[in-house]
Amino acid sequence: MTEWTEITKLDQIPRLGSRVLKAGGVDIAIFRTAKDTVFALKDQCPHKQGPLSQGIVHGTSVTCPLHNWKIDLASGEAQGPDKGCTNVYPVKVEGDSVYLALSADEVAA
Amino acid sequence: MKEKLVLVGNGMAGVRTLEELLKIRSDSYEISVFGAEPYGNYNRILLSPVLAGDKTIDEIMLNDEQWYRDNEINLYKGRRVVEIDRAHRKVIAEDGTSVGYDRLVIATGSNPFIIPVPGSELPGVIAFRDIRDVDLMLDASRHHKKAVVIGGGLLGLEAANGLMKRGMEVTVVHLLDTLMERQLDKPAADLLKASLQERGLNLLMERQTESILGNDRVSAVRFSDGSEIEADIVVMGVGIKPNVDLARSAGLYCDRGIIVNDTLQTFDPRIYAVGECAQHRGTTYGLVAPLFDQARVCANHLAQLGYARYEGSVTSTKLKVTGIDLFSAGEFNEAEGDEAMVLQDPAAGTYKKLVIRDNRVKGAVLYGDTIDGSWYFQLMREGTAIADIRRTILFGQHDLGDAGHGDETRVNALSNDSEICGCNGICKGEIVQAITSKGLFTLEEVRAHTKASSSCGSCTGLVEALLSSTVGEGYDATPSKKPICACTEYSHDDVIAAIKTNRLKSMEVVREFLEWKSPDGCHVCRPALNYYLLAYWPGEYQDDAQSRFINERAHGNIQKDGSYSVVPRMFGGLCTPDELRAIADVADKYSVPEMKVTGGQRIDLFGVNKEDLPGVWKDLSKAGFISGHAYGKALRTVKTCAGKTWCRFGTQNSTGLGVQLEKLTWGSWMPHKFKLAVSGCPRNCAEATIKDFGVVCVDSGYELHIGGNGGIKVRVTDLLTRVETEEEVLEYCGAFIQLYREEAHYLERTAPWVERVSLSYIKGRILDDVEGRKALYSRFRYSQQFAQVDPWKERAEGGERNEFTPLRFAG
């Protein structure tokens, strides 16, 4: 069953930055844009599994720190001529809290 | 309602303008395109390889009809526009189709020039301009034997080569005694002539065509000296002339071409002209690179931005004849007072000539070995002073240091499976394939699609050579004024100047002042702006962690598995048993999987989890260590040899001086990483002559060396000067670093920087200008007050905690 869980407060994620969420066996990168929109992606670049959470956030993209692939935060897809996609998780901000929806098997995975 | 944009001319310049426009604003116009030819947009410059059978028509299509549909563009193909009704703002085609416009772009290109001699109307006389001409020539090559090509320029020779490869017996007729006289000097032209003759081409020089003979089709060509030559077909390859008939009939002011201003507008500001039909500041262009420059500017204006200006182009030429490497740019015949530098090797079949005026390259002709064409072209366009590299300039860029590619300078001779990019394992074949199948024109595009030359960059010259030999003169050389990234039109120098003269003190202000296209920049420009602001406004500008590459944010080097490496600073490479014990204890406590002594004489601990970093630093901090900045665009290490305390050859206290230098310079942020070394004698055990700043001690004092690099491209330092005291070493070193910090481009090492600005310039600033040197040194010392804060200690004490602490999922 999927339900919304509060994971942190918005002010705990730096603007144009990210935090890593350890959820069972999965690392999820929680990003915050300049306009305070929050996105959640599996913390793994489709190229060579680089940690996207460590990249530079700009607009609604993040650039992977290993080989500069640019990943769209909303879709998880690589941009430009590069091809590949990483998982996207539903995330929302209510008041000053950030919520993530994650199913039980995803946590266990 | 959307405004209407009409393009007349479905060729490379016009369609490129639309592509540039769509990149900036995709929804600003309802777009219609008229093209006289019945195709989508194809790469006209690749018609010669099609003629020669090296490529097919499909391979040279740039925009198929689906592209027009995808972008909601109305394509009227095969319809020639015959009238522009400026009063009612509409264009009318041959078949009566009429479309209204708010803005109109004329890109009608040019017509082949048919010399007006008797018989030029006869069947069998063919121009060389479009797909139809190529079809006619291919058809002729199947049924006829003898071809005469009139014109020994670029166009004529490419046509002749193609027909010859199709099995025809080809004679080229040229009016002058020099082939390609607009691109080559006599010696290069003679080499070309010999090579073409060897391939079986007949050349008739200094012949003027008087008439073309024949009854129902051509049979011969007669020259003014009375001689004749048999011909089944005659190809006119003498040149092109801008197609201005439509514009002229609409009352637009035309000379040889349609006159345009710096935003590519004609006399009627609603009407633009781009490409071969346009005449800008007295010049018309027949090559592709300038047309693309024009397209960018025109699109910028159409998108209602209007800040881009076209200021003319400097062009270079390549001949697309398989197996012949030839490059020409600028003024290749020396005028009075110019110098010519020539390197000729008849046995190897190479010829290189540079024309030098006022210490700058004005033109280049290369035959046989063209790998350095793009480098000479760059020196020429950037107006680089060459006094310091004169002695070796003719041997090429790789002679400035071995780029690791040895003799592989003739890209045409390389096999398809030769590896070009060693970082990413990309071969020649893959690059050529990407260039042709995806229609790439720029180095940036090749990098994006293939990753070649996108990592260390040492193969850039080879990739550029492949690009130019594949697409010929269409190769869009990197503009001399290169924007920092896609977020801006401004170059590094522009941004540095704006920050300095307009006293811009935050990233937001810089982006607003310079009209950045994206609100928060990108991963390329943000770290650059952050650095420039930090360098210019020490103590005032607040460093922005989110604009730093992860290594500088996490104060460790990210490894491929996402872990980090930790390198504690050991001043001058010296250490005590207690310090070594402390490092060993940390390694044990945090189960560090691997340790290594680095090239800079420090100890590296690999595989530390990010969460553990603050703990590791806390323990190291207690033992007296600070960050080694092995992860930063910053002062890295000062490498030293044993020095006179122990070494029987030592002349000075090299370790002591190394420690002093490191105490002075640690913590300073730089455009790129910066390494120092101090050797105690000329045996140079600390390898000081491949460092950014190296000191070699001699009995009488200290030699100061600058601009060395032991990385991608090995470069030995230049000798800056000799000084007598340690105090002077510190002052000169600080001043040199500060000059580099203030004037180099972000991510430019000292080696290319010294080559770009020249050693003489740096000597002028550091040696000749004594007051200037002292001022630089004092600015360096001032900025060090703010920079010498140990980032590890801060974080070990709880700073930036969020950066290192993951969130836990409790749900």
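Reply: Happy to! A salt bridge here is a side-chain nitrogen of Lys or Arg lying within 4 Å of a carboxyl oxygen of Asp or Glu. Please keep in mind that this is a predicted model. By that rule, the count over all chains comes to 55 salt bridges.

Let's begin inside chain B. B:Glu552 forms a salt bridge with B:Arg548, and their closest N and O atoms are 2.4 Å apart. Is this pair buried or exposed? B:Glu552 has a relative accessibility of 6%, so it counts as buried. B:Arg548 is buried too, because its relative accessible area is 7%, and the cut-off for buried is under 20%.

Another bridge in chain B joins B:Asp692 to B:Arg749, with 3.0 Å between the closest N and O atoms. This pair links distant parts of the chain, 57 residues apart. B:Asp692 sits in the loop between strand 35 (674-679) and strand 36 (693-698), while B:Arg749 sits in the loop between helix 20 (726-743) and helix 21 (750-757). With 0% relative accessibility, B:Asp692 counts as buried, and B:Arg749 counts as buried at 13%. Elsewhere, salt bridges that share partners draw B:Arg16, B:Glu20, B:Lys23 and B:Glu445 into one network.

B:Glu611 forms a salt bridge with B:Arg808, the closest N and O atoms being 3.1 Å apart. Here too the bridge links distant parts of the chain: B:Glu611 is in the loop between strand 33 (603-608) and helix 18 (613-622), B:Arg808 is in strand 39, and 197 residues separate them. B:Glu611 is partly exposed, with a relative accessible area of 38%. B:Arg808, at 53%, is exposed, because the cut-off for that class is over 50%.

Strand 39 also takes us to the other chain. Strand 39 (residues 807-808) of chain B pairs with strand 2 of chain A in the parallel sense, over 2 bridges.

What does the whole interface look like? The contact takes 33 residues from chain A and 30 residues from chain B. Together the two chains bury about 2500 Å², with 60% of it on carbon and sulfur atoms. On the chain A side, A:Arg19, A:Gln54 and A:Ile56 lose the most area to chain B, together 26% of what that side buries.

How many salt bridges cross between chain A and chain B? The rule finds 1: A:Asp82 with B:Lys451, where the closest N and O atoms are 2.7 Å apart. Between the chains there are also 13 residue pairs in polar contact. Strand 1 (3-9), strand 2 (17-23), strand 5 (56-58) and strand 10 (97-102) of chain A each supply at least two residues to the side that touches chain B. Strand 2 gives the largest share, 6 residues. By residue type, that side of chain A divides into 18 nonpolar, 11 polar and 4 charged.

One last stop in chain A is A:Gly84, in the loop between strand 7 (70-72) and strand 8 (88-89). At 27% relative accessibility, A:Gly84 counts as partly exposed. Leaving aside neighbours within four places in sequence, A:Gly84 is in contact with A:Pro46, A:Gly76, A:Glu77 and A:Ala78.

Conventions: Residues are numbered from 1 along each chain as its sequence is written. Chains are lettered from A and ligands numbered from 1 in the order in which they are written. This is a predicted model: local features need pLDDT of at least 70, side-chain atom pairs count only at pLDDT 80 or more; totals for chains, interfaces and linings use all residues. Side-chain values use heavy atoms; hydrogens and water are left out. Contact means heavy atoms within 4.5 Å. Buried area is the accessible area (1.4 Å probe) that two parts lose on being put together, summed over both. A polar contact is a pair of N or O atoms within 3.5 Å; within protein, one must be able to donate a hydrogen and the other to accept it, and residues adjacent in sequence count only if both atoms are side-chain atoms. Helices (H or I, at least four residues) and strands (E, at least two) are DSSP runs, numbered from the N terminus. Ala, Val, Leu, Ile, Met, Phe, Trp, Tyr, Cys and Pro count as nonpolar, Asp, Glu, Lys and Arg as charged, and the others, Gly among them, as polar. Two strands pair if DSSP finds at least two bridges between them. Buried means under 20% relative accessible area, exposed over 50%, partly exposed in between (1.4 Å probe, protein chains only).
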